[in-house]
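Below is a briefing on one protein model. It covers helix packing, overall composition and a few individual residues.

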Amino acid sequence: MGVGGRHWITGLTGKAAVVTGGARGIGYGIARYLVDCGMRVWIADCDHRGGEAAASLLSTGNDVRFMQCDVANEAEVRELFRVVAREEGGLDAVVCNAGISGPFGTRVEELTLEAWNHVIAVNLTGCFLCAKYGVPLLRARRGAMVLVGSTRAQQSEAHTEAYSASKGGVVALTHALAISLGPAVRVNCVSPGWIDVRAEEPVAKEVEPLREKDHAQHPVGRVGTVDDVAALTAFLLSPAA
């Protein structure tokens, strides 16, 4: 069940949203937050076990549903939005969160084209496909999209070429879509930095605890939380934005 008590963001009750990559981590936290704001949420994820677990944990009735979907597969994305349109009669919000880190730490001269293409396909092309098939539904309800980028789009670590390039593309795609679709559909991007996702894992797994020096790296004095991202995402989807 959702934890409730986050209704300071108004105007989302009764509306429908799709959250890609919602089986765990930031996507799961965003889905949880939107449910707490009164939305009906469709979790789309390639992980069937994780997606079913997430939907079961978050649902308080018929407000959370899961559909298995690889966002890099056009036929599966098309089917996702076809089913949502049939079941919901429309759509108010799309959160393009699905993403993979790819081969972090791999030197560029050793990075295979296959690995590069896979990261771009999931992280960037997946956002394009969700826009392609989701926008007609959003336009009908003057809805909104949030694309999840990364601070890596502006400031990289060594040997993260595929991931950083994909997230830079997400930022550019966001402003292109915003200009093309506004004002009928609002499009924004949230770019998280280091986010602690340990509490957002429906399928439990062992993780190492954070250290004081991890928190000390941040001017705010702590590593970011999923709710930091989720609250901003909810606001950007709301009429207040």
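Helix α3 (residues 74-88) and helix α4 (residues 113-141) have axes that come within 8 Å and cross at roughly 20°. Axes here are lines fitted to C-alpha atoms, for helices over the stretch in contact, and angles run from 0 to 180 degrees between N-to-C directions. That makes α3 roughly parallel to α4, where angles under 35 degrees count as roughly parallel, over 145 as roughly antiparallel, 65 to 115 as roughly perpendicular and the rest as oblique. The model is predicted: local features need pLDDT of at least 70, side-chain atom pairs count only at pLDDT 80 or more, and totals for chains, interfaces and linings use all residues. Residues are numbered from 1 along each chain as its sequence is written, and side-chain values use heavy atoms, with hydrogens and water left out.

**Contact of α3 with α4**

- The crossing of α3 past α4 is right-handed; a crossing is right-handed if the near helix is turned clockwise from the far one by less than a right angle, and left-handed if anticlockwise.
- From α3, the residues E74, V77, R78, F81, A85 and E88 meet L129, C130, K132, Y133, G134, L137 and R141 of α4, contact meaning heavy atoms within 4.5 Å.
- By class, this contact of α3 with α4 has 7 nonpolar, 1 polar and 5 charged residues. Ala, Val, Leu, Ile, Met, Phe, Trp, Tyr, Cys and Pro count as nonpolar, Asp, Glu, Lys and Arg as charged, and the others, Gly among them, as polar.

**Contacts of α1**

- Helix α1 (residues 25-36) packs on helix α7 (residues 226-237) at an angle of about 55°, and their axes are 9 Å apart. That makes α1 oblique to α7.
- The α1 and α7 pair has a right-handed crossing.
- On the α1 side, G25, I26, G29, I30, R32, Y33 and L34 take part, and they meet V226, D227, V229, A230, A231, T233, A234 and L237 in α7. The contact of α1 with α7 divides into 10 nonpolar, 3 polar and 2 charged residues.
- The axes of α1 and helix α2 (residues 48-58) come within 11 Å, crossing at roughly 25°. That makes α1 roughly parallel to α2.
- α1 passes α2 in a right-handed crossing. Y28, A31, R32 and V35 of α1 make the contact with A54, L57 and L58 of α2.
- In the contact of α1 with α2 there are 6 nonpolar residues, no polar ones and 1 charged.

**The protein as a whole**

- The secondary structure consists of 7 helices and 8 strands; helices (H or I, at least four residues) and strands (E, at least two) are DSSP runs, numbered from the N terminus.
- Of the 241 residues in the protein, 48% are buried. Buried means under 20% relative accessible area, exposed over 50%, and partly exposed in between (1.4 Å probe, protein chains only).
- Among contacts with a separation of 6 or more, 71% are between residues 24 or more positions apart.
- The protein has an accessible surface of about 11400 Å², and carbon and sulfur atoms account for 53% of that area. Accessible areas come from the Shrake-Rupley method with a 1.4 Å probe; for residues, only the protein chains shown count as cover.

**Backbone geometry in loops**

- The peptide bond from G182 to P183 is cis, with omega near 0°. P183 sits in the loop between α5 and β6 (186-190).
- R142 is not a glycine, yet its phi is positive, at about 50°. R142 belongs to the loop between α4 and β5 (144-148), and it counts as exposed because its relative accessibility is 54%.
- H159, also a residue other than glycine, has a positive phi near 65°. H159 lies in the loop between β5 and α5 and is partly exposed, because its relative accessible area is 29%.

**Two further residues**

- A172 is placed in helix α5 (residues 161-181). With a relative accessible area of 33%, A172 is partly exposed.
- A172 and G149 are 23 residues apart along the chain, and their C-alpha atoms are separated by 9.9 Å.
- S238 lies in the segment after α7. S238 counts as buried, because its relative accessibility is 1%.
- Leaving out residues up to four places away in sequence, S238 touches I9, T10, L12 and R186.
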